[in-house]
Amino acid sequence: MQTVAIDMELLMPDRLFVAGNNLVVYQPKEEEGIFTVFPLPFDGKGCRTGHIGRGPDDFIHIDRRSFVPCENGFRVADGDGAVKTVVIDSCLTKVSTKAQVSTASDAFNGMVELKDCYLNINLYSDEYEYLRYDKQSGKRTEICPYPEWSPDSDMMKAFIYNKYTVPHPSGDRFAAFYLYFRKIHIISQDGELLYERTLDFDGEPGAYEPASRGSYMAFNSDPVATEDYIAVPYLDRIKGRDRGGMTEIQFWSWDCELLHRLIFDKSFTTFTIDPKSNILYACPFNDPHHLYIADLSDILAASI
């Protein structure tokens, strides 16, 4: 990976994504602008935009898991109950449309927009993992019964089965990667489990570990998805084992087949991939003045 200097300090980057011709960093606690925008091709020069407030182009409380890039910008779920389409124009963020989601009193929590519905991670039940809100009828439905991978009954299942989700660009399905289990689900927008995979390729005993916060973690950051693949950081941390400052990114097909395991010589979790150039961008730990960059063109072109 290359280390490239930037002219905008990134103190607490929370999400990183490519929106049209811009690389965008979301920093919710940045007072000068919650989005840092680097025009592409990347040269390290950026600007800040977007503010917390009640104005027409302001944001109230963004659901940080809900970012989905789209043409010339992104969509995001905000605290006023709307999924907003945001356009980036000359380093300004402008809210072009708002879709009010009928969630009653449900708080946005990992909200993603699919083709015919909105999907929310369920915090209100120990029976179903997700809440589905139909776009046409507004009907609220609990879908996907929780797995039975853990004997722990003292903790809320929403925390035991915590996960990172990402939608397919078509909106007909989504993927879920679990924090405390070596498990992957691909699920249709109606809640049908299409694929389940258990990672056991490392030859270690057990296909997954019981949920044990602080001692075990499998997938540890937000995935990036295109029509062809899902890229996700895989930590597989067991207490007492250190990977030595390296990072593994796995690439999975939407048929839940493993395409690549890439080991990078830098430590990071916040990352994205530009689908046009196949360049990976990542935020270093404890270094607000640089970004990591890796060109994956040859690797991805070989199998995707």
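Which residues form one aromatic cluster? The members are F17, Y26, F35, F59, F67 and F74. Before going further, a word on where this comes from: this is a predicted model, in which local features need pLDDT of at least 70 and side-chain atom pairs count only at pLDDT 80 or more, while totals for chains, interfaces and linings use all residues. Residues are numbered from 1 along each chain as its sequence is written, and side-chain values use heavy atoms, with hydrogens and water left out.

Now for the other rings. The structure holds 21 aromatic pairs; rings of Phe, Tyr and Trp (its six-membered ring) pair if their centres lie within 6.5 Å, and planes under 30 degrees apart count as stacked, over 60 as edge-to-face and the rest as tilted. Take Y146 and Y161: their ring centres are 5.6 Å apart and their planes sit at 40 degrees, so this pair is tilted. It links distant parts of the chain, with Y146 in the loop between β13 (140–145) and α1 (157–160), and Y161 in the loop between α1 and β14 (163–167), 15 residues apart. Helices (H or I, at least four residues) and strands (E, at least two) are DSSP runs, numbered from the N terminus. Y146 is buried at 8% relative accessible area, and Y161 is buried at 2%; here buried means under 20% relative accessible area, exposed over 50%, and partly exposed in between (1.4 Å probe, protein chains only).

F268 and F271 make another tilted pair, with ring centres 6.4 Å apart and planes at 50 degrees. F268 is buried with a relative accessible area of 2%, and F271 is buried at 3%.

The charged end of K135 sits over the ring of Y118, 5.3 Å from its centre. The cut-offs for that are NZ of Lys or CZ of Arg within 6 Å of the ring centre and within 35 degrees of the ring normal.

On to the sheet. Here 4 strands form an open sheet in the order β6-β7-β8-β9, with antiparallel pairing; two strands pair if DSSP finds at least two bridges between them. At the edges are β6 (68–70) and β9 (92–100), each pairing on one side only. Look at β6 and β7 (residues 73–77), which pair in the antiparallel sense over 3 bridges.

What about the cysteines? The structure holds 1 disulfide, that is, a pair of cysteine sulfur atoms within 2.5 Å. It joins C47 to C91, with 1.4 Å from S to S. The link of C47 and C91 is right-handed, with 110 degrees about the S-S bond. Since C47 lies in strand β5 (residues 47–49) and C91 in the loop between β8 (82–89) and β9, the pair ties together parts that are 44 residues apart in sequence. C47 counts as partly exposed at 21% relative accessibility, whereas C91 counts as buried at 19%.

C144 is in no disulfide, and the nearest cysteine sulfur, that of C117, is 10 Å away. C144 counts as buried, at 9% relative accessibility. C283 is in no disulfide either; the nearest cysteine sulfur belongs to C47, 16 Å away. With a relative accessible area of 6%, C283 is buried.
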